[in-house]
Amino acid sequence: MANANIKKIKSSEIEFKDRLVAIKRVTKVNKGGRTFSFSAIVVVGNEDGIVGYGLGKAREVTTAISKGIDDAKKHLIQVPVHNGTIPHSQDGKFSGSKVLIKPAAHGTGVIAGGAMRAVLESVGITDVLAKSKGSANHHNVAKATIDALSKLRDPATVAQQRGIPVQKVFNG
């Protein structure tokens, strides 16, 4: 079941800032010794409602990071940001990780840790309360956060679906 909120965005038209979430060294043991390679988790965003997540693997760190950035630019989503926070509370899930994000008053800041903080800051959210439950795996937490953000609905869309004015969505 595809989510109707997920909009595909062309990455060539937008200037992105990338954030490195995690980098891990992995080892493969061969007959001739050990072979090291690196896996990098990268989040890109324009800090104005667009974010993407990517994974890059290579023998060198810089190559892994650049592959992760390219992968993230292929998986962009648009998120409704309302006055520096999210329109409503939402939970997300991916594999063993569960996340909960809640809107916060102006001046609160981004109360989140690790992979969630990188994703939320890349979107352009400045005030939010977030909690990660379940697995703390960086891959799964980042994907669960993106899942929660993709489920968010814009107040104008909600008002249109209900057939009421936008002001009534907030007041009633």
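Contact, as I use it here, means heavy atoms within 4.5 Å. I am working on a predicted model, where local features need pLDDT of at least 70, side-chain atom pairs count only at pLDDT 80 or more, and totals for chains, interfaces and linings use all residues. Residues are numbered from 1 along each chain as its sequence is written, and side-chain values use heavy atoms, with hydrogens and water left out.

**Entry 1: S97**

I started with S97 and its contacts. Leaving out residues up to four places away in sequence, S97 touches G92, K133, S135, N137, N140, V141 and A144. S97 is found in strand β6; helices (H or I, at least four residues) and strands (E, at least two) are DSSP runs, numbered from the N terminus. Is S97 buried or exposed? S97 counts as buried because its relative accessibility is 0%; the cut-offs are under 20% relative accessible area for buried, over 50% for exposed, and partly exposed in between (1.4 Å probe, protein chains only). I also found its side chain reaching the backbone oxygen of S135 at 2.8 Å. For such polar contacts I take a pair of N or O atoms within 3.5 Å; within protein, one must be able to donate a hydrogen and the other to accept it, and residues adjacent in sequence count only if both atoms are side-chain atoms.

**Entry 2: helix α3**

N137 caps the N-terminal end of α3, with a side-chain oxygen 2.9 Å from the backbone nitrogen of H139.

Which residues of α3 are buried? I list N140, V141, A142, A144, T145, I146, A148, L149 and S150. An α-helix has 3.6 residues a turn, so residues three or four places apart point the same way. The buried residues of α3 pack against β3, β4, β5, β6 (97-103), α2 (114-123) and β8 (128-134).

**Entry 3: T85**

Next I looked up T85, which has its place in the loop between β4 (76-78) and β5 (90-94). T85 counts as buried because its relative accessibility is 8%. Where does its side chain reach? It goes to the backbone oxygen of D127, at 2.6 Å. D127 is also among the residues T85 touches, along with P80, P103, A104, I125 and V128, again not counting residues up to four places away in sequence.

**Entry 4: the sheet**

Then the strands. Strands of a sheet pair through backbone hydrogen bonds, either parallel or antiparallel. Here I see an open sheet of four strands in the order β1-β2-β3-β4, with antiparallel pairing. β1 and β4 stand at the edges with a single partner strand each, so one side of each is left without a neighbour in the sheet. Neighbouring strands are turned by 15 degrees against each other on average, direction ignored.

I count two strands as paired if DSSP finds at least two bridges between them. How many bridges join β1 to β2? There are 13 between β1 (residues 17-30) and β2 (residues 33-45), which run antiparallel. The two form a hairpin with two residues between them, and K17 stands opposite G45 in β2.

β2 and β3 (residues 50-58) are also antiparallel, joined by eight bridges. S39 stands opposite K57 in β3, and V44 stands opposite G52.

Helix α1 (residues 61-74) lies across β1, β2, β3 and β4, running at about 145 degrees to β3. α3 packs on the sheet too, touching β1, β2, β3 and β4, and its direction makes about 160 degrees with that of β3. For these angles, axes are lines fitted to C-alpha atoms, for helices over the stretch in contact, and angles run from 0 to 180 degrees between N-to-C directions.

**Entry 5: positive phi**

I noted E47 in the loop between β2 and β3. E47 has a positive phi of about 60 degrees although it is not a glycine, and it counts as partly exposed because its relative accessibility is 32%. S95, in the loop between β5 and β6, has a positive phi of about 55 degrees and is not a glycine either. S95 is exposed, with a relative accessible area of 51%.

**Entry 6: confidence**

Last, pLDDT, the predictor's confidence in each residue, from 0 to 100. The protein chain averages 90, and 91% of the residues score at least 70. Confidence is lowest in helix α5 (residues 166-171), at a mean of 76, and highest in β5, at 96. Where pLDDT is low, the predicted coordinates should not be read in detail.
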